[in-house]
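Hi,

Here is the structure I promised to send over. Have a look at it first, and then read on for what turned up.

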Amino acid sequence: MNTFQPIEILRAIPKILQAFPMTMLILLSSLLFSLLIGAAFAMMSLSHKKVLNVISKGYVSFMRGIPTLILIFLIYLGLPQVLKRIGIDMSGVSLTAYIIACLSLSVSANMSEMMRSAYLAVDKGQREAALSVGMSPAVAFFRVILPQAVGIAIPTLGNNIIMLFKETSLAFTIGVLDMMGKARAVSSANYGATKLEIYIAAGLIFWAFCFLMEKGTRLAEKAYTKGRRT
Amino acid sequence: MMVSLKNIKKSFGSQQVLNGVDLDIDVGEVVVILGPSGSGKTTLLRTINFLDPGDEGSVTVGEHTVNCKKHTRPEVLGLRRRTAMVFQNYNLFANKTILENVMEGLITVKRRPKPVAEEISRKMLTRVGLSERFDYYPSALSGGQQQRAGIARALVLEPDVILFDEPTSALDPELVGEVLQTIKGIAETGITMIVVTHEIAFAKEVASRVIYMQDGVIVEQGPPSEILVHPQDPRTQRFLRRITDPNQDPKHIDMKQDDPQPEQVVEAG
Amino acid sequence: MNFTFIKEALPQVLAAIPVTLEMALVATIIGWIIGILIAVARRNKIPVVSQICAVFVSFIRGVPMVILLYVAYYALPMMIYSATGIDTTSIPAIWYAIVALSLDQAAYSSEVFRAALDSVNRGQLEAAWSVGMTTWQAMRRIVFPQALAVALPNLSGLFVGIIKGTSLAYYVGVYEITATANLLANPGLNFIEAYVITTVIYELISFICNRLFHTAETRLNRFRPKTVA
C-alpha cells in the first residue's frame, strides 16, 4: 500500500495543466455546436407544426436518457461500423472530432430546453407591443424578445457550460489527451505510484475552473440585467 | 388572571419595538389592541406565544410562567399549548385539507384518536359555516373562508386564550364582515381573546377593553366607551381622528410622520 | 446487425440491470439523507458546519464524476487501512462507486432541498408552532411534505442523472450494464449491437423513472391550486 504524499498533488498540477488547451478546444467547440443544435431543436419545439414538436421532444428526451459514455461508445465505436457497410470510411476523423460531436449532441438537449423556456418566459405583451409600434416579427424577435430571453437564460447557460466542462473529462475514454487523459498518462508514467495524488490534483483543477465559471456567470448576469430588472 | 405580561422588552437589531409592556388580562376578557403601524402591537401578540420571544420580562398564561430571557423548549411548548393564534395571512397548512387543518393539532398535540378528532373538527367547521368545504384544500377557498377555517383550527384546541393578529387585514373588503361576525360569535362564548385590529367599529361592539399602543408602550387603556369616545391622551386622539378619516387607509397609519420624536431616530419601514 | 450476438448478449446485459439499479438506489438514499442534513445545516447557519458544507457542495459540484470515482476508489482503501488495519481487497468495487455517487447526490440534492425548504412560507412553521406542535412535528408533517412537492421535479432529474452516472463505475471495475456490454462486444467487435442494446435499456429505465416521479408529483401536488402548465 502506498503512502499518501500531498506534495505529489502540487507536482501533478502543472503536468495536467499542459492539456488545458485541449480541454478548452473541446469545451468551446462543443459549446458552439451545442448552442447551434440546441437552437434548431428549440425552434422546432416552438413551431406550430406538430411533427416538429414531436421530433424535438423525442430528441431531447432521448439525449436526456442516454449516458454520455454510451453515446460516445455508440458514435465512436458503433457509427463507423454502420457507415462502413454503406461505403463511408470514417478512419480519417480525429478522436477530438468524435468527442466534440458527442458532447455537442449530449449538451444540445439541455441547451434546447434552456432556450425554449427562456423564450416562453418573456412576457407575451412584449412581442405584441413591438408589433404594435410597427416592427416586423423578425425585428421584434432580435430587438425585443431575444435580449430579454438571454438575460433570463444566463444562469442556466452558466450551469450548462459547467456541466459541459466536467463532461470534457470523458474525452479520455477514447484516448484523447484532455486534462483527464493527461492525468491518466502521468499516472501510468510512474506505474500508478501516485495515482491518488494525481487524481486529486485533477479534481482540484476542475473545481478551480468551475468556481471561476460560477463567479463569471454571476458577474455576467449582473452586468447583463443591470438596469433592466429592478 | 388568565394572561399576565411583565415588563416585556423587545428589539429587532437597533430598533426598540417593545419598551417594557405590562398587561394583565382576566378570564373571559376580549382585549382589542389598536395602534399605528410600527407601534409594536403585533410583536406584543407574538411575544405571548414566543413566535418572537421577548428580550426581557415574563409571560404568564394560566398558571404557566415563562421567563423571556431564559426559557427552555418545553416551557415554550407549554405556553403554545395554552394559546392559539389566528394569523393575518391565515397560514393554513397548505398540504392539508380544511378538515385536516383543524384535526392536526388535536392529533399531534392533544393525542386524540383520529375518529374523535375528526368528529370534533367537523362540528367546529360547521360552527364557522364551512360544513360544505371539509375536503377542500386551502388554495381552493376564498380568503374569508380560509380565515374562518383558521379560527376553527385555533378554537378546536380549547386554548386558554386566542390571539388574533390582524385577522381581517389581508381580506378583500367584502369578506371582512363574515370573519368579524365569526369572531364576534366566539367572543360571546366567554373565551379570553386578544385581538390586534384596525376595525374600530368591531372594537366598539365586541371589546371589553381597548388598549392603545404607540412606540412600544401602552399609551392608554380602558373600556371602549371611554377610549374610543373620550380618549385622554393626545396621541390616542390624533390616531382616532386619522383612522376615522375616510381618505386614510387604516392599515397604513404611520404616526411618526407628523409626530417627530427626537430621541427615537428610527428608519421608516 | 448481428442478431445471433444480440440474442446471446441481451440476457447477460439485462442481468446486469440490478447492479446498476442497486448502485443508483443505495447512493440516492444515502445521498438524499445527507443532502437534507446539509440543507438544514446551511439554512440554520450552524457555525463551522455550515461553512464546511458549503465547501463540500462547491467541491463535489466542481469535480467530474470520473475523478470522484477514481479518488474514492484509490483513497478509501488507503484510509480504511490506515484507520483500522483492515485488508480492503475483499471489499467489492461497487461500494467505492456507491460512495462517490452518494457524495455527488448529497451535494446536488442539498441545493434542491435548500431551495425547496426556502420556498415554504415561514407562516406554515409558525402556524404549526402556534397550535403547540414541536419543531420536529412541524417539519415532518407540514414543512417537509410541502418542500418535497416543490423538490420532486428536480429530484427526478437527479435520479435519472445518477442512473446515467453509474455507467462510469465501469472505470473502477463494477460490472454494471455498460461494463457488461463492453465485455461482450469486444471479442467479436459487435459494438453497434452492444451499444444499441445498452441505449435502449438506459432509455427505458429513464422513461420508467420519469413516469414514476411524475405520478408521485401529481399525488404530492394535490394541494396546489391548479395552474395551466
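Let me start with the place where chains B and C meet: 25 residues of chain B are in contact with 20 residues of chain C. Please keep in mind throughout that this is a predicted model. Together the two chains bury about 2,000 Å², and 56% of that area is on carbon and sulfur atoms. On the chain B side, the residues that lose the most area to chain C are R80(B), F93(B) and N95(B), which together make up 25% of what that side buries.

The rule finds two salt bridges between chain B and chain C. In one salt bridge, the side chain of R46(B) meets that of E126(C), at 2.6 Å from N to O. The count of residue pairs in polar contact between chain B and chain C is ten. If you want to find the chain B side by its secondary structure, look at α2 (73-82), β6 (83-86) and α3 (98-108), each of which supplies at least two residues of the side that touches chain C. By type, the residues on that side of chain B divide into eleven nonpolar, seven polar and seven charged.

Next, two backbone points in chain B. F50(B) is a residue other than glycine with a positive phi, near 60 degrees. You will find F50(B) in the loop between α1 (41-48) and β4 (56-61). Is F50(B) buried or exposed? With a relative accessibility of 3%, F50(B) counts as buried, because the cut-off for that is under 20%.

E158(B) also has a positive phi without being a glycine, here near 45 degrees. E158(B) sits in the loop between α5 (143-155) and β7 (161-165) of chain B. The relative accessible area of E158(B) is 60%, so E158(B) is exposed, the cut-off being over 50%.

Finally, the interior. In soluble globular proteins, nonpolar side chains tend to be buried together. In this model the largest nonpolar core has 216 residues, and the ones with the most contacts inside it are I16(A), V59(B), L125(B), M193(B) and L155(C). The helix that gives the most to this core is α7 (residues 135-165) of chain C, with 13 residues. As for I16(A), what does it touch, leaving aside its neighbours within four places in sequence? I16(A) is in contact with M179(A), K182(A), A183(A), I198(A), A201(A), A202(A) and I205(A).

Happy browsing, and best wishes

How values were computed:
Residues numbered from 1 in each chain as written. Chains lettered and ligands numbered in written order. Predicted model: local features only at pLDDT ≥ 70, side-chain atom pairs only at ≥ 80, totals over all residues. Heavy atoms only, no water. Contact = heavy atoms within 4.5 Å. Buried area = accessible area lost by both parts, 1.4 Å probe. Salt bridge = Lys/Arg side-chain N within 4 Å of Asp/Glu carboxyl O. Polar contact = N/O pair within 3.5 Å; in protein donor to acceptor, adjacent residues only side chain to side chain. Helix = DSSP H or I, 4+ residues; strand = E, 2+ residues; numbered from the N terminus. Nonpolar A, V, L, I, M, F, W, Y, C, P; charged D, E, K, R; others polar. Buried < 20%, exposed > 50% of the residue type's maximum accessible area, 1.4 Å probe, protein only. Core = buried A, V, L, I, M, F, W, Y, C linked by side-chain atoms within 4.5 Å.
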